[in-house]
Amino acid sequence: GVHITAITRSDCFRIETSHGAYTSDALVIATGGLSIPKMGATGFAYDVARQFGLRVTGTRPALVPLKIANDVFGAAESPAGIAVDVIASCGRGRFRENL
């Protein structure tokens, strides 16, 4: 329930919030990614990184929903506990794992 309104740095970091100001020698931002805005995920951490001149790499989806037709699993009511050996590849990257 605390909202950050500004972050600045001179001798130390100063974080302005809806509940007052805080100072610190270091700042660690642990936030979710951009992928699930319904859960409150935002680009806040990326904005702060850019504000302080840190290089931010482009983002791409990493985890996405997988939809499968109801009849794919046959008698199984749910895919829970079912694994399929796959080889996943993208460009030169490749790995073998259970899906």
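Modeller: Start with D85: at 43% relative accessibility it is partly exposed, a class between buried (under 20% relative accessible area) and exposed (over 50%), with a 1.4 Å probe and protein chains only. This is a predicted model, where local features need pLDDT of at least 70, side-chain atom pairs count only at pLDDT 80 or more, and totals for chains, interfaces and linings use all residues. Residues are numbered from 1 along each chain as its sequence is written, and side-chain values use heavy atoms, without hydrogens and water.

Biologist: Which residue forms a salt bridge with D85?

Modeller: A salt bridge puts a side-chain nitrogen of Lys or Arg within 4 Å of a carboxyl oxygen of Asp or Glu. Here the closest N and O atoms are 2.5 Å apart, and the partner of D85 is R96.

Biologist: Which strands does the pair R96 and D85 tie together?

Modeller: Strands are DSSP runs of E, at least two residues; helices are runs of H or I, at least four; both are numbered from the N terminus. The pair links parts 11 residues apart in sequence, because R96 lies in β5 (residues 93-98) and D85 in β4. So the strands are β5 and β4.

Biologist: What separates R50 and D47 in helix α1?

Modeller: These two also form a salt bridge, with closest N and O atoms 3.5 Å apart. R50 is partly exposed at 48%, and D47 is partly exposed at 49%. They are three residues apart in helix α1, so the separation is about one helical turn.

Biologist: How many salt bridges does a search of the whole structure find?

Modeller: R14 and E16 form one, at 2.5 Å between the closest N and O atoms. The search of the whole structure gives three.
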